[in-house]
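This report describes selected parts of the structure shown below. It begins with strand pairing and then turns to helices and a chain contact.

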Protein chains: 4
Amino acid sequence: MSEEAKEDAQRIEDLVIANRILAQQGVLDGFGHVSVRSAQNPRHYFMSQSRAPELVSAEDIMEYDEDSQPLDLQGRRQYGERYIHGEILRARPDVNAVIHSHSLSVIPFGISRIALRPICHMAGFLSPSSPVFEIREAEGENNSMLVLKKATGAALATKLGGSPVVLMRGHGNAVVGSTLQIAVFRAIYTEVNARLQSQALTMGEIVYLNEFEAANVDAINQRAIMRPWELWKRKAMGA
Amino acid sequence: MSEEAKEDAQRIEDLVIANRILAQQGVLDGFGHVSVRSAQNPRHYFMSQSRAPELVSAEDIMEYDEDSQPLDLQGRRQYGERYIHGEILRARPDVNAVIHSHSLSVIPFGISRIALRPICHMAGFLSPSSPVFEIREAEGENNSMLVLKKATGAALATKLGGSPVVLMRGHGNAVVGSTLQIAVFRAIYTEVNARLQSQALTMGEIVYLNEFEAANVDAINQRAIMRPWELWKRKAMGA
Amino acid sequence: MSEEAKEDAQRIEDLVIANRILAQQGVLDGFGHVSVRSAQNPRHYFMSQSRAPELVSAEDIMEYDEDSQPLDLQGRRQYGERYIHGEILRARPDVNAVIHSHSLSVIPFGISRIALRPICHMAGFLSPSSPVFEIREAEGENNSMLVLKKATGAALATKLGGSPVVLMRGHGNAVVGSTLQIAVFRAIYTEVNARLQSQALTMGEIVYLNEFEAANVDAINQRAIMRPWELWKRKAMGA
Amino acid sequence: MSEEAKEDAQRIEDLVIANRILAQQGVLDGFGHVSVRSAQNPRHYFMSQSRAPELVSAEDIMEYDEDSQPLDLQGRRQYGERYIHGEILRARPDVNAVIHSHSLSVIPFGISRIALRPICHMAGFLSPSSPVFEIREAEGENNSMLVLKKATGAALATKLGGSPVVLMRGHGNAVVGSTLQIAVFRAIYTEVNARLQSQALTMGEIVYLNEFEAANVDAINQRAIMRPWELWKRKAMGA
């Protein structure tokens with residue numbers, strides 16, 4: 001077995017764990033999905049068939065090509081919004097994992113004029129603020145709200161730019177990372193930061209992290225990533 | 001066994017599951033109730049005897065006629081508010097399932113002047129906004145707050161009109177669907193939307209779903225209904 | 001065994017269940033306490049030794065006299081605030097059960113100028129509004145916040161008057177009922193109403209229950225009391 | 001075995017329990033840490049290797065010297081912010097236990113201009129209000145947000161002064177006590193008080209505890225400390 005094949009086996013194992021963690025931590029409910037890039041064929045990615053993330057297991061994982069077409073569908077249902085993953089992975093070679101969620105506390109930031117910004121060190125990656133994708137700009141007033149077309153996925157990837165998070169108006173968000181562990185960490189603390197920021201907004205002027213602080217803690221947190229992952233995995237997968 | 005009899009057996013099984021799901025998801029507590037229309041006799045419906053939804057099992061289900069009278073009471077206690085179900089099912093032939101809940105986040109919208117409106121794609125069915133039933137208009141100032149009379153149930157059905165949800169001032173709400181799965185989905189996301197809308201209201205101007213978006217996602221969500229149902233059923237009924 | 005002795009055995013069994021329910025439902029944490037009047041000696045009451053409510057069992061229950069002195073202490077620790085119970089039971093012959101809690105959502109109403117009022121039919125008993133006990137009026141500025149003296153308990157009972165609930169500024173509340181089941185119901189829905197009222201207060205003008213509505217639903221709810229009790233007991237005590 | 005050695009064995013056992021309690025009660029997530037002073041060598045302290053608090057067991061506990069250097073590292077990873085503990089224990093001989101958390105409801109008070117003050121008797125120790133540590137004053141604009149240097153730990157200890165709690169802007173807080181039980185109690189009720197104060201702030205003018213009340217209840221609560229500890233321990237460690 002090649003090194004890349006071993007790496008892909010590990011990524012698929014972690015992909016299942018990531019699905020379960022995000023459900024257990026309340027970031028994903030019956031909807032949302034997670035993908036990871038293939039090490040053997042970096043234009044391809046792995047993702048579950050259409051299934052609630054808490055129920056995903058290794059047999060549900062399929063390989064998708066660079067156009068978000070499954071290599072071996074076997075009659076299974078697909079996530080309609082797989083283009084979120086395919087188009088972000090195409091646009092961002094630095095990214096290896098993508099999470100799309102309806103993480104609740106984040107939604108109000110997508111529909112109001114207040115920007116999601118980092119108020120605590122766990123969310124330094126949010127600096128200076130997260131872009132918001134308005135699907136009306138891509139599809140017009142009569143749109144489906146969902147990323148069901150490749151072109152809409154490409155527009156979303158353009159809005160994301162070099163950021164780790166893009167909000168989707170009236171819908172949810174997409175979070176990326178160079179590893180599944182980092183993407184999971186960011187998805188969880190994007191939700192936490194949104195909850196805290198919305199509470200703080202009722203209390204007057206806020207001191208946000210400055211750009212030095214945000215960059216410094218983001219680097220530190222990425223090195224400490226296995227500490228919470230070990231805990232989350234234990235809680236999600238059992239002992 | 002006729003096709004309709006088989007269908008009714010399935011509906012009763014799903015009715016028990018719906019009760020348990022709504023309790024497990026926090027939409028129902030010790031109160032509230034769920035009904036489903038009979039396939040064999042579409043003027044009739046099935047509903048539990050008076051029991052907390054989390055404890056309902058198949059033996060608790062009774063058949064009610066079009067006047068909300070039980071066919072075979074066997075000395076059991078009934079839900080006093082069964083007219084919610086009987087009168088909505090009479091007025092809405094397109095509806096096969098009715099849920100009455102005290103879903104918490106929704107209550108403030110019934111007592112304030114702010115309309116419950118869809119802020120996220122999971123709740124497109126709420127568009128353009130949900131009507132509010134004021135029982136004082138039906139029964140006067142000295143009313144029981146509850147739908148204990150057929151005429152009050154009829155007034156509630158009139159206020160519901162063609163909508164999927166009607167709020168009941170100082171009390172709760174009623175949600176309908178063409179299937180139990182759709183009604184359950186709507187009851188859960190009515191609660192979610194209310195929670196998010198009330199949070200967003202503290203953050204300035206809100207972009208709501210427009211009518212195209214609402215209609216489009218409602219159609220899409222109805223086709224994806226078994227994905228969350230599978231998860232909710234697993235969580236409510238055990239593996 | 002006399003009828004009263006059988007009744008007391010039942011009350012003690014229900015007292016243990018009430019402690020566990022209130023912990024399981026989040027009304028009591030490590031603190032707070034519950035009492036029930038003795039049927040055999042209506043000037044006396046039963047209450048646990050000093051112990052977290054979730055851990056109370058039948059062996060912890062002691063009998064207290066009308067001056068809140070234990071009949072058979074056996075070296076056990078007592079709740080310092082037992083005078084809440086003794087003095088309310090003395091002042092209110094219609095009351096047979098008293099709950100003292102630090103129920104979280106209620107505390108802000110005790111320290112602000114906004115009255116706790118019924119916004120939903122489950123909390124009709126709160127009408128027209130709940131009195132607030134300010135211990136500074138009873139003990140002065142240099143007080144202990146807690147009801148550690150008989151005279152302070154008597155002042156609290158005076159403030160309660162004929163109401164079912166009295167808020168205690170910066171501390172918690174006391175809830176009463178003619179039975180343990182009714183007191184438990186009221187403690188749970190006092191918390192729920194407070195949470196919803198504080199949410200509704202951010203949304204503009206509120207329609208509260210009028211006095212007819214409040215009285216009517218209170219009577220109805222008292223008759224339906226065993227439906228949620230059955231559920232809460234099952235959840236708190238196991239199947 | 002000397003009395004001090006027995007005492008240290010007990011402290012290490014309680015340190016594991018404290019970690020688990022704070023995780024179970026939601027004060028600590030994958031991050032945060034707890035220390036206790038050594039009885040045998042009061043300049044030293046005990047703390048876990050770098051591990052999520054919920055997973056800490058006795059084998060993870062290491063002894064640190066007065067400069068926060070481990071006596072026997074055995075290749076294990078350390079908490080980068082151990083200087084929080086070392087420097088507070090050095091500055092405060094009255095303190096034997098230190099908790100550093102990212103307790104969620106407290107964070108908005110560290111980044112706004114509203115002081116965290118005691119609104120309920122469980123949090124009398126917060127009187128008159130909690131100081132806020134701004135790391136920019138110690139390290140400048142280009143800082144790491146975290147207490148990774150001894151000098152920063154010393155500056156934090158100076159800001160703490162004689163208080164039981166110091167907020168850390170955009171980061172979390174540190175709570176101290178003369179015992180682990182007292183520090184745990186304070187960490188839990190600091191979170192509760194913050195949640196309630198932020199709710200009460202939306203409801204107009206607040207009556208805070210005065211200084212008599214705060215001091216009196218703090219003394220009383222410290223004597224009742226084993227009642228909630230017994231409960232929290234049971235919930236965190238199993239029966």
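Two strands pair if DSSP finds at least two bridges between them. Helices (H or I, at least four residues) and strands (E, at least two) are DSSP runs, numbered from the N terminus. The model is predicted: local features need pLDDT of at least 70, side-chain atom pairs count only at pLDDT 80 or more, and totals for chains, interfaces and linings use all residues. Residues are numbered from 1 along each chain as its sequence is written, while chains are lettered from A and ligands numbered from 1 in the order in which they are written.

**Strand β4 of chain D**

| Strands | Sense | Bridges | One bridge pair |
|---|---|---|---|
| β4(D) and β7(D) (residues 172–177) | antiparallel | five bridges | D:Ile99 and D:Val175 |

Strand β4(D) covers residues 97–101, and five of its five residues are buried (20 or more other C-beta atoms within 10 Å of the residue's own, with C-beta atoms placed from the backbone). In a regular strand the side chains alternate between the two faces of the sheet. Here D:Ala97, D:Ile99 and D:Ser101 point one way, and D:Val98 and D:His100 the other.

**Helices α1 and α8 of chain D**

Helix α1(D) (residues 3–24) packs against helix α8(D) (residues 226–237) at an angle of about 85°, their axes 9 Å apart. Axes are lines fitted to C-alpha atoms, for helices over the stretch in contact, and angles run from 0 to 180 degrees between N-to-C directions. The two helices are therefore roughly perpendicular (65 to 115 degrees). From α1(D), the contact uses D:Ile17, D:Arg20, D:Ile21 and D:Gln24; from α8(D), it uses D:Trp232, D:Lys233, D:Lys235, D:Ala236 and D:Met237. Residues are in contact if their C-beta atoms, placed from the backbone, lie within 7 Å.

**Helix α1 of chain A**

Helix α1(A) has 22 residues and reaches 31 Å from its first C-alpha to its last, close to the expected 32 Å (1.5 Å times one less than the number of residues). Its buried residues include A:Asp8, A:Arg11 and A:Leu22. Among the elements covering the buried residues are β1, β4 and α8 of chain A. A:Gly26, with a positive phi near 80°, follows α1(A).

**Chains A and B**

In chain B, 27 residues are in contact with 27 residues of chain A. On the chain B side, α6, α7 and α8 each give two or more residues, and α8(B) gives the most, with six.

Terms used
Contact = placed C-beta atoms within 7 Å. Buried ≥ 20, exposed ≤ 12 C-beta atoms within 10 Å, placed from the backbone. Parallel < 35°, antiparallel > 145°, perpendicular 65-115°, else oblique.
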